[in-house]
Number of protein chains: 4
Amino acid sequence: MIILMAHWATEKHIEDLREHIIDLGMAAHIIESGKRKLITVSVSGGPLFDKSFETWPGVEKVFPIIQPFMLASREFHQENTVVPVGLKKKNSTPVFLGGGEFHVIAGPCAIEDEKTALEIAFKVKEAGCSLFRGGVFKARTSPYSFQGLGKSGLKILKKVKKETGLFIVTEVLEIQEIEEAFEVADILQVGTRNMSNYRLLESLGSTKKPVLLKRGMSSTIKEYLMAAEYILKNGNPNVILCERGIRTFETYTRFTLDINAIPAIKQLSHLPMLVDPSHGTGIWRLVESVSLAATAAGADGLLVEVHSNPQMALSDGLQSLIPERLKSLVDKAKAIKKVLRVYE
Amino acid sequence: MIILMAHWATEKHIEDLREHIIDLGMAAHIIESGKRKLITVSVSGGPLFDKSFETWPGVEKVFPIIQPFMLASREFHQENTVVPVGLKKKNSTPVFLGGGEFHVIAGPCAIEDEKTALEIAFKVKEAGCSLFRGGVFKARTSPYSFQGLGKSGLKILKKVKKETGLFIVTEVLEIQEIEEAFEVADILQVGTRNMSNYRLLESLGSTKKPVLLKRGMSSTIKEYLMAAEYILKNGNPNVILCERGIRTFETYTRFTLDINAIPAIKQLSHLPMLVDPSHGTGIWRLVESVSLAATAAGADGLLVEVHSNPQMALSDGLQSLIPERLKSLVDKAKAIKKVLRVYE
Amino acid sequence: MIILMAHWATEKHIEDLREHIIDLGMAAHIIESGKRKLITVSVSGGPLFDKSFETWPGVEKVFPIIQPFMLASREFHQENTVVPVGLKKKNSTPVFLGGGEFHVIAGPCAIEDEKTALEIAFKVKEAGCSLFRGGVFKARTSPYSFQGLGKSGLKILKKVKKETGLFIVTEVLEIQEIEEAFEVADILQVGTRNMSNYRLLESLGSTKKPVLLKRGMSSTIKEYLMAAEYILKNGNPNVILCERGIRTFETYTRFTLDINAIPAIKQLSHLPMLVDPSHGTGIWRLVESVSLAATAAGADGLLVEVHSNPQMALSDGLQSLIPERLKSLVDKAKAIKKVLRVYE
Amino acid sequence: MIILMAHWATEKHIEDLREHIIDLGMAAHIIESGKRKLITVSVSGGPLFDKSFETWPGVEKVFPIIQPFMLASREFHQENTVVPVGLKKKNSTPVFLGGGEFHVIAGPCAIEDEKTALEIAFKVKEAGCSLFRGGVFKARTSPYSFQGLGKSGLKILKKVKKETGLFIVTEVLEIQEIEEAFEVADILQVGTRNMSNYRLLESLGSTKKPVLLKRGMSSTIKEYLMAAEYILKNGNPNVILCERGIRTFETYTRFTLDINAIPAIKQLSHLPMLVDPSHGTGIWRLVESVSLAATAAGADGLLVEVHSNPQMALSDGLQSLIPERLKSLVDKAKAIKKVLRVYE
């Protein structure tokens, strides 16, 4: 941490602050730069950045030196983290996220009934996917919208899993639901509205279940990696990141997919990174193009909403692909991945 | 709801959609406007707006007709809601939010120890305030930051209440904490990161305890009123709104306080509306000016961070006023309120 | 400027960079902070901050030390700048912006015809205002919208000036229009879309005419003050700032008025600061509340759209007050200003 | 246009408005939807959407029916526009933007001196590019930054053109500069800060020179197409669009490149669409990944900043690639384009 003193700071301001820092057990050095004075502060054992030093008289600004996230940072963990899914399952081939494989997780926003779920799941499988997504606990903006099937939906997911062999990805909204969904889910998803639900993240951190953590719609890249840190710090290394669009002034699309975040996060962190083009655009006509963009930008996979009958979907029909279009998207994405591998 | 058909929509597109709407039990009328066709859709018994109709072939856009929130809307409830606090308490005068009184809720971001809490609380009282805020369950961006005292903090709040007679406002982050904080808290606060934690809102809706619901930092005014609807719909009419700054491109301030939201929400809704200038600016030097602005714009009160020693605060010291400045702020705000009352 | 070296920077990286800085005629000092190395760079004669040092191998980040604007900064010019308007006019009392007086500049968005302009101007005068605004050169999003009367509008402004004695504020969009509007205008306005039209700013800087520079709708406070710097640097000290709303994700209002910017800019800069609540909200029903907020926050005046018949206005009727409401707004704003003066 | 009447609108409100519309020469039809009344308004000869009808008593909201841009819209012009560059030049092969070819326009942000410009230009040519970009008229945030070489820079561009045979792309900031740059420039560029400089757009519209119009950093997709409309409406069909990043709350990158805008604009409009990943990210380490993303999303080409010595660049060194990296980027982008063509 570097503390920049104001141009009007007195010797006493600087000396008082220096003493306070030393009292806190840190090291402080005063240096001059032009007409200004700076104090560099260091501490052994961890990142230090405390904005509240800006409340001291004579202080103008405080700058961080290293990133505030450690476990999620590539600075301390150079190799890519590879998250295995379905490792101990019999009769199924495990998949690995973050290690060079490319996976498209597909399925409906919400599980509506067994028949529709199975129908979609078989088409997802036919399109060449190994992972099925389907929500049973839903977070809807309006209390008058469909809120998900809850526990009875979990039974449908179990059936899908058994009949198709697909791995299951489903969202949890509160601590109690972790336990309920734990058995059937191969990956537990945390939605954008819960990225900062730190109690939930801590609970997921105390398991070893892979967690697909979506970026908060108004979270910076750094805040996002800090949220991942909550899970990692509690002992669960199996964190999968997922860019899903951020909120901007543009209203033509539902959100603005932050394509920059893909290479940025791959450089800052060792964690696997997916992209959700369905929420990221909100318009199914844009989903394929943006999926291919995410693939070319270096994503380890995609999370795509698919519905066999979007017009009748109880949630997010507007942004769901029909299964026929999924196949085309998967083929093209894999072709891009393949052509780029030549240059590595 | 109005459905605007695309310029290339065929007669069959229109007819199929009309039949589907009628099958759903709604009324549909086809009208022409220039070269385009529109379908107006109505239903008895509630607001209807379903974007998913945009997935039908030939549909270009779907427009809502009435607001999607009903219980929070002034359209169906013209008079201001007045939320009473401390009505059944002996030895204390209740306060009323939303009915013409003006209240400044003040206190530290986080409760740190009994001595500091009491010291601040007495100064808050001296400044003319009746409500004390102090967090014991904290939502911090970094897992390495101070996370609040938890249950032992509740005991301190109890002591503050007993010794000062101030009403207590404290935040809850998850369902279980509602029960823990229920006795000591006169108002339960939901923070910006939990505005869309619908499970938490539903639980709070099943009590009658006043709920101070902060606006999500990236929530539109309409989404915010929909979150209030979750609480109201579950049976709790005592909802207090609070603008606390939204996330924008501006980085000089921590957030951008949305001053427009005050008159806008007072016109759209009958609920009481407070403003939090401490988070809304993130800089104590701006707090007084923005507090006065909020007062002049029609807020029913303020929520202000105060700390007797901001330099030593474990959270948000940067935006906390010293108690001496609180008194000046309260006096000026009340003077503005008084001068504006002349013109009513 | 402080240059923070990456954790992997070698001795050679640091030495090469130090030599380059010295070659450029600046002073460089290498210091250690924890495991990192920093280089502080200083130069006599001006602010120095050059992000491009981040391209050097081994560099992680570059921090500024002082603000990049000097002439607009209160750091180098402590007293408020007072901009006089109409100083040399006979038969009229000059007004002073930024020196304690409070002025509401009012009038229609666009001048439409002489009769309407005069009608509005007389009502503006009756409401107690000394300055009249009216656009003749218009910047409209659509080429199909009314583009302003141009030069014939200037004649109408001249008539308004003569008949009412009001000072005239009008916008210019390009260099040539400065000359055309120079005689009639007492203040030349630069609109939000031209805040970064640096050629226009330079030209205005080479006159002494007061310039009302609106904030760009997506400009940070610092970029805004840098735009003012373009005018000041060219020799014109008569710059008046005006917050008019920034672009955010909120769609209920046309823009989000940045109330924080008022005290922030008054602290950072010595220039007078107005607020435009008409564009800042886009909704006439919000204009009075937000005007009072701006006044309470410390604005030196307001810029308000008024139209005697908003329904027939050729531009921005939606956000225009009828003159009757202007009077009420001015009275209340002055009452707030008066009550706050007691506490100074 | 559809006018939605408020729930409290009276018969008189509706009748007065209907009469006014008819007086304006438009057609008005009143219809009922649930408890609300709507008025549909149509006019022959053009798009009609006038928000100012919301100022009429009893009106709640006004909705557009068709897009406000006509010439830029695919609705009225289905085939892709192909912009030819260098058609009449001897000794050079023309290039075509928007018709299936893929072009990377590369070069330095600013022309600094002849030697450097030629050095970079030859490397741009070696990398397989046909178009060279280089600024001589610069728009810089700070008046203390390098402002471009101006007219002497145009001579350098002339030399580059002659020696390398590359086509020249350069920016103009004001009307007078159009004439100055007209001869040497094969494409005239309008920067993000001038997207709403309508006087400049009108002037460019009265030529036939290809115009590369960058998106305003805070412009919506619709406002952007309206700016293109200004050029088209004045008679110049040769408009090339370019997404270059929008302003959001994210601060890790300089801007947020709006990848959604590529397929969205290709669907809404027939104009060619490029992407500028250099400004879109602000970080050279992200440029290649984002370039490939833009290519996969359907861009017709890229605009990339290249500098042989970014450390010494007078502008934007931070986001400039060294020429060696340009070659790799071009090869990969063309490989993606090729692999996707298989699926068409």
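Figure 1. At 4% relative accessibility, Tyr198(D) counts as buried, where buried means under 20% relative accessible area, exposed over 50% and partly exposed in between (1.4 Å probe, protein chains only). Tyr230(D) is likewise classed as buried, at 1% relative accessibility. The ring centres of Tyr198(D) and Tyr230(D) are 4.4 Å apart and the planes make 15 degrees, so the pair is stacked. Rings of Phe, Tyr and Trp (its six-membered ring) pair if their centres lie within 6.5 Å, and planes under 30 degrees apart count as stacked, over 60 as edge-to-face and the rest as tilted. This pair links distant parts of the chain, with Tyr198(D) in helix 5 (residues 198-205) of chain D and Tyr230(D) in helix 6 (residues 221-233) of chain D, 32 residues apart. Helices (H or I, at least four residues) and strands (E, at least two) are DSSP runs, numbered from the N terminus.

The model is predicted: local features need pLDDT of at least 70 and side-chain atom pairs count only at pLDDT 80 or more, whereas totals for chains, interfaces and linings use all residues. Residues are numbered from 1 along each chain as its sequence is written, chains are lettered from A and ligands numbered from 1 in the order in which they are written, and side-chain values use heavy atoms, with hydrogens and water left out.

**Figure 2. Stacked tyrosines of chain C.** Over all chains, the count comes to four aromatic pairs. In one of them, the rings of Tyr198(C) and Tyr230(C) have centres 4.4 Å apart and planes at 15 degrees, so this pair is stacked. Tyr198(C) belongs to helix 5 (residues 198-205) of chain C and Tyr230(C) to helix 6 (residues 221-233) of chain C, so the pair ties together parts that are 32 residues apart in sequence. Tyr198(C) is buried, with a relative accessible area of 4%, and Tyr230(C) is buried, with a value of 1%.

**Figure 3. The barrel of chain C.** Eight strands form a closed barrel in the order 7-8-9-10-11-12-13-14 (chain C), with parallel pairing; two strands pair if DSSP finds at least two bridges between them. From one strand to the next, the twist averages 25 degrees. Helix 7 (residues 261-268) of chain C packs on the sheet, touching strand 12 and strand 13 (273-275) of chain C, and its direction makes about 170 degrees with that of strand 13 of chain C. Contact means heavy atoms within 4.5 Å; axes are lines fitted to C-alpha atoms, for helices over the stretch in contact, and angles run from 0 to 180 degrees between N-to-C directions. Strand 11 (residues 211-214) and strand 12 (residues 239-243) of chain C are parallel and share four bridges. Leu241(C), in strand 12 of chain C, is the bridge partner of Leu213(C).

Figure 4. Strand 11 (residues 211-214) of chain B runs parallel to strand 12 (residues 239-243) of chain B, and four bridges join them. Val211(B) has Val239(B) as its bridge partner in strand 12 of chain B.

**Figure 5. Arginine over phenylalanine in chains B and D.** Arg244(B) lies over the face of Phe255(B), at 4.2 Å from the ring centre. In chain D, Arg244(D) lies over the face of Phe255(D), at 4.2 Å from the ring centre. A charge sits over a ring if NZ of Lys or CZ of Arg is within 6 Å of the ring centre and within 35 degrees of the ring normal.
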